[in-house]
Amino acid sequence: MALIPSNGILYERADVAPSPSKDYCQLLVTVKEVIYRTWKISLRSDAKHVTPSEVKDSHEDFLCNERTQHDIRRMFGKNTLEYVMRLAEGQIDYFPRLEENLIINILKFLDLEDIGRLSQVSKLFQQICASNELWEQIYRYHSESSITPELQKLAEERGWKRLFFTNKLQIQLQLRRSKETRLDAVLATKLQLPKEEKR
């Protein structure tokens with residue numbers, strides 16, 4: 001499994017510049033270069049002939065290019081600039097590049113507080129930390145008893161995260177109610193009298 005994409009892109013981001021500007025910017029960090037592109041957007045007639053600009057630096061050159069660093073900070077913020085600087089220094093974060101099932105297998109060992117903190121790191125981790133797949137793994141890892149088919153069905157209906165935070169007495173009550181509801185439905189269909197024939 002290759003942790004670096006075949007196109008060599010480590011990071012990519014694009015957005016409209018902060019107000020009042022309407023310029024469009026794109027930032028690419030590859031294994032060899034930092035590429036920063038801007039498209040000037042203006043309603044003025046003299047701006048129609050302005051071509052997009054591109055700054056393409058090697059990682060080493062980017063670390064010395066204060067102008068491009070300033071532009072990236074203004075456009076994308078301090079955190080993005082710091083992240084790009086770390087990539088240019090060779091500090092590549094391999095963890096989010098793992099396959100999702102591997103990330104889930106690692107995260108199930110974390111404390112709940114750490115999962116909460118990790119969910120605030122990025123959209124990727126927010127999605128993974130809220131996923132039913134992760135909470136099923138956490139539930140199974142922390143469960144002292146085996147998962148019955150009834151419990152599995154209840155988890156499919158209510159979600160593993162909700163089930164994890166429900167105490168055992170409440171789970172037993174919900175299982176009993178769920179079983180009674182299914183039994184009532186079966187009895188109702190069996191006891192249903194045939195319709196009277198029309199005379």
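The chain comprises 10 helices and four strands, assigned as DSSP runs (H or I over at least four residues for helices, E over at least two for strands) and numbered from the N terminus. Read from the N terminus, the order of elements is β-β-β-β-α-α-α-α-α-α-α-α-α-α. The model is predicted, with local features requiring pLDDT of at least 70 and side-chain atom pairs counted only at pLDDT 80 or more, whereas totals for chains, interfaces and linings use all residues. Residues are numbered from 1 along each chain as its sequence is written, and side-chain values use heavy atoms, with hydrogens and water left out.

Of the 199 residues in the chain, 30% are buried, where buried denotes under 20% relative accessible area, exposed over 50% and partly exposed the range in between (1.4 Å probe, protein chains only). Among contacts (heavy atoms within 4.5 Å) with a separation of 6 or more, 42% are between residues 24 or more positions apart.

The largest nonpolar core contains 19 residues; such a core is a set of buried Ala, Val, Leu, Ile, Met, Phe, Trp, Tyr and Cys residues joined through side-chain atoms within 4.5 Å. Within this core, L107 and L163 touch the most other members. Two or more residues each are contributed by α4 (100-107), α5 (112-118), α6 (123-130), α7 (132-142), α8 (149-158) and α9 (160-164). Helix α7 supplies the largest share, four residues. A second, separate core of 17 residues has Y36, I72, Y83 and L87 among its members. Beyond its neighbours within four places in sequence, L107 contacts F95, I115, L118, I128, C129 and L134.

Two packed helices are described by the angle between their axes and the distance between the axes. For α4 and α7, the angle is about 35° and the axes are 9 Å apart; axes are lines fitted to C-alpha atoms, for helices over the stretch in contact, and angles run from 0 to 180 degrees between N-to-C directions. The crossing of these two helices is right-handed, that is, the near helix is turned clockwise from the far one by less than a right angle. The contact brings I104, N105 and L107 of α4 against E133, L134 and Q137 of α7. By class, three of the contact residues are nonpolar, two polar and one charged, with Ala, Val, Leu, Ile, Met, Phe, Trp, Tyr, Cys and Pro taken as nonpolar, Asp, Glu, Lys and Arg as charged, and the others, Gly among them, as polar.

S131 lies in the loop between α6 and α7 and is classed as buried because its relative accessibility is 10%. A polar atom of the S131 side chain is 2.7 Å from the backbone oxygen of I128, and a polar atom of that side chain is 3.2 Å from the backbone nitrogen of L134. In helix α8, L154 is buried at 1% relative accessibility. The C-alpha atom of L154 is 7.9 Å from that of S178, 24 residues away along the chain.

H59 belongs to helix α1 (residues 59-64) and, at 12% relative accessibility, is also buried. A polar atom of the H59 side chain lies 2.8 Å from the backbone oxygen of T30. The backbone nitrogen of E33 is 3.5 Å from a polar atom of the H59 side chain. With residues up to four places away in sequence excluded, H59 touches V29, T30, V31, K32, E33, V34, L87 and A88.

Notes. Polar contact = N/O pair within 3.5 Å; in protein donor to acceptor, adjacent residues only side chain to side chain.
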